[in-house]
Amino acid sequence: KLFINFVLLIATCAFASGKPDDAIQLIGPSGTKDLVNETKAEGPLGWVFKDGVLTVGKGHIITKSPVTNFKAHLEFKVINKPKKKKKNKRTNDGNSGVYIQQRYEIQILDSHGHDDDYQNYDCASIYKFKKPDQIACKPPGEWQSYDIEFHAAKWDGDKKVANARLTLIHNGVKVHDNVEIPDKTGNGKKETPQAFPLRLQDHGNPVQFRNFWLQEIKWNTYS
């Protein structure tokens, strides 16, 4: 029994530590790494970092390098103070997003309490394409997490031979399971063989981010 408890303790610690040794810590306790302003890569980031937390500022930010196949962990806090409130709409309430390759968006939004009218633009949705299989939203002001596994589309020259695929765990709940994404979402970049960076979106809300790491992995062949 003592041995079993020890094994469980080790497993729990390993899960809690989370980040693989070969992952890049993009947002960590001491600052940011390999993130730049999307339009002014050589200039300041434009977002405020304090006490391990990065708050949305002016303009989108992106990873310095393109992303293809990866696992990532990201924690975020929805702050519902939009600069512009759309009348009778909640689409800008705590709005931000994770744009994989600047083309496929995982939505961030204050969607807590909207289980009965949840839409494909709500939190954890693949934007305007697919709602999450389960709703796992927390109220604004509480930290939430995304665990992402992404496999890029495959190309033979200019011909796409396999769609991008996404698995997403939201606050510990699997909400997308190896979902095939047939095209870019919303205002994402057009699909081409070229890989692009990952973007964190500025949508006029002071959404906060922390503990963001990314690990490159091999492309997986799905049955």
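Reply: A polar contact of 3.0 Å joins the side chain of Asn-37 to the side chain of Thr-39. Please keep in mind that this is a predicted model.

Me: Is Asn-37 buried or exposed?

Reply: Asn-37 has its place in strand 3, which covers residues 35–37. Its relative accessible area is 6%, and a residue counts as buried when that value is under 20%. Asn-37 is therefore buried.

Me: Which element gives the largest share of the largest nonpolar core?

Reply: The largest nonpolar core has 43 residues, and Ile-100, Tyr-146, Ile-148, Leu-200 and Phe-209 are those with the most contacts inside it. Among the elements that give this core two or more residues are strand 1 (24–28), strand 7 (70–77) and strand 10 (143–151). The largest share, 4 residues, comes from strand 7.

Me: How many residues in the lining of the second largest pocket are polar?

Reply: The second largest pocket, with a volume of about 270 Å³, is lined by 15 residues, and Asn-95, Tyr-127, Asn-187, Gln-201 and His-203 lie nearest its centre. In this lining 3 residues are nonpolar and 4 are charged, while the number of polar residues is 8.

How values were computed
Residues are numbered from 1 along each chain as its sequence is written. This is a predicted model: local features need pLDDT of at least 70, side-chain atom pairs count only at pLDDT 80 or more; totals for chains, interfaces and linings use all residues. Side-chain values use heavy atoms; hydrogens and water are left out. Buried means under 20% relative accessible area, exposed over 50%, partly exposed in between (1.4 Å probe, protein chains only). A polar contact is a pair of N or O atoms within 3.5 Å; within protein, one must be able to donate a hydrogen and the other to accept it, and residues adjacent in sequence count only if both atoms are side-chain atoms. A nonpolar core is a set of buried Ala, Val, Leu, Ile, Met, Phe, Trp, Tyr and Cys residues joined through side-chain atoms within 4.5 Å. On a 1 Å grid over the protein atoms alone, a cavity is a set of points where a 1.4 Å probe fits but cannot get out, and a pocket is an open set with protein on both sides within 12 Å along at least five of seven lines; lining residues have an atom within 4 Å of a point. Grid points are joined across faces, edges and corners, and a volume is the space filled by probe spheres set on the points. Ala, Val, Leu, Ile, Met, Phe, Trp, Tyr, Cys and Pro count as nonpolar, Asp, Glu, Lys and Arg as charged, and the others, Gly among them, as polar.
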